[in-house]
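Take a look at the model below. We will go from a pocket to the cores, then to one helix residue.

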Amino acid sequence: MHDPANAPGTPPAEPGIVPGSLDFPVVAKRERLPETIGNAEVSFEELQAINEELRSATEELETSKEELQSVNEELVTVNYELKVKVEETGKANDDLNNLIASTDIATVFVDSALRIKRFTPRAADLFSIIASDVGRSLLDLTHKLDYDQLAEDVGATFDTLRLVEREVRSVEGRYYIVRLLPYRTNEDRIEGAVMTFFDITARRQAEEQARSTEARMRLVAESAYDYAIITMDEEGRATSWNKGAEQLFGYTEQEMLGHTLDALFVPEDRAAGVPFDELRRARTDGRAEDERWHLRKDGSRFFCSGVTTP
């Protein structure tokens, strides 16, 4: 066989090297291998760092998820509490609306600028007020009251934070007690006033009738010179003393008012407790009649009959 290594003109081959092989690229790759390994290690370290960051980010996300879950639970609790409060507020508002609708007392709620906030149906009896007037100034509305001090009294309520009360008359001849109180919030802030109008016409008429009756009775008593007419309080002290009593017993009205009638009884009756017993019988039986000796201011005695009634 033909041996190319022994061919004429062919240089002898170096030991360990096969002519025509790819030895030079292998050597180059071997020389670059450490660099490649170093780059790979750097990349591996970078990947480890990235992995650590990802792990840390995952842990933070887990923590954030737990925090969000906790916040969500708190929001659920707060939402439930708010729902309960809204329901309670709704019920309270319903109660207030029903109370306002059913009350027979004229009441107007105003803010610090006297703008209407709320009113009861009875307020329409005094003011020309309708639902659309909420937000308007109360002073812009006409009313049936002889009450020029309205704005002044509301201002006094704001300044003193105390009750302002006044008796006023309407153009229809009715009488009202007007009470103004500061409107206080739950935070104890003053945000207006509450105006209440109590119809006292019937009471006023009864008082006038009682005064008229009392005046007539006093006139009768003062004109009855032949009869001693005396009134007393619960303790038996004289509260009125007519001319007949002055003439009969000799004491003036100024001398007897505020004093008991013991001085009119003879000593033996006082010792026996007769004055007290007459008052007792009048209270329990409704009437105590007697005929006995009495004393005048000058010490003289006279016999008379008397009646004591409640």
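**The pocket and the cores**

In this predicted model, 33 residues line the largest pocket, and Ile 230, Met 232, Leu 261, Val 307 and Thr 308 lie nearest its centre. A pocket is found on a 1 Å grid over the protein atoms alone; it is an open set of points where a 1.4 Å probe fits, with protein on both sides within 12 Å along at least five of seven lines, and lining residues have an atom within 4 Å of a point. Helix 7 gives the largest share of the lining, 6 residues. Helices (H or I, at least four residues) and strands (E, at least two) are DSSP runs, numbered from the N terminus.

The model is predicted: local features need pLDDT of at least 70, side-chain atom pairs count only at pLDDT 80 or more, and totals for chains, interfaces and linings use all residues. Residues are numbered from 1 along each chain as its sequence is written, and side-chain values use heavy atoms, without hydrogens and water.

Now the cores. The largest nonpolar core has 24 residues. Such a core is a set of buried (under 20% relative accessible area, 1.4 Å probe, protein chains only) Ala, Val, Leu, Ile, Met, Phe, Trp, Tyr and Cys residues joined through side-chain atoms within 4.5 Å. Leu 138, Leu 145, Met 195 and Phe 197 have the most contacts inside it. Another core, of 12 residues, lies apart from it; Leu 261 and Cys 304 are among them.

Finally, Arg 281 sits in helix 7. Arg 281 is 27 residues from Thr 308 in sequence, and their C-alpha atoms are 8.6 Å apart. Beyond its neighbours within four places in sequence, Arg 281 is in contact (heavy atoms within 4.5 Å) with Gly 286, Arg 287, Ala 288 and Glu 289.

Conventions. Buried < 20%, exposed > 50% of the residue type's maximum accessible area, 1.4 Å probe, protein only.
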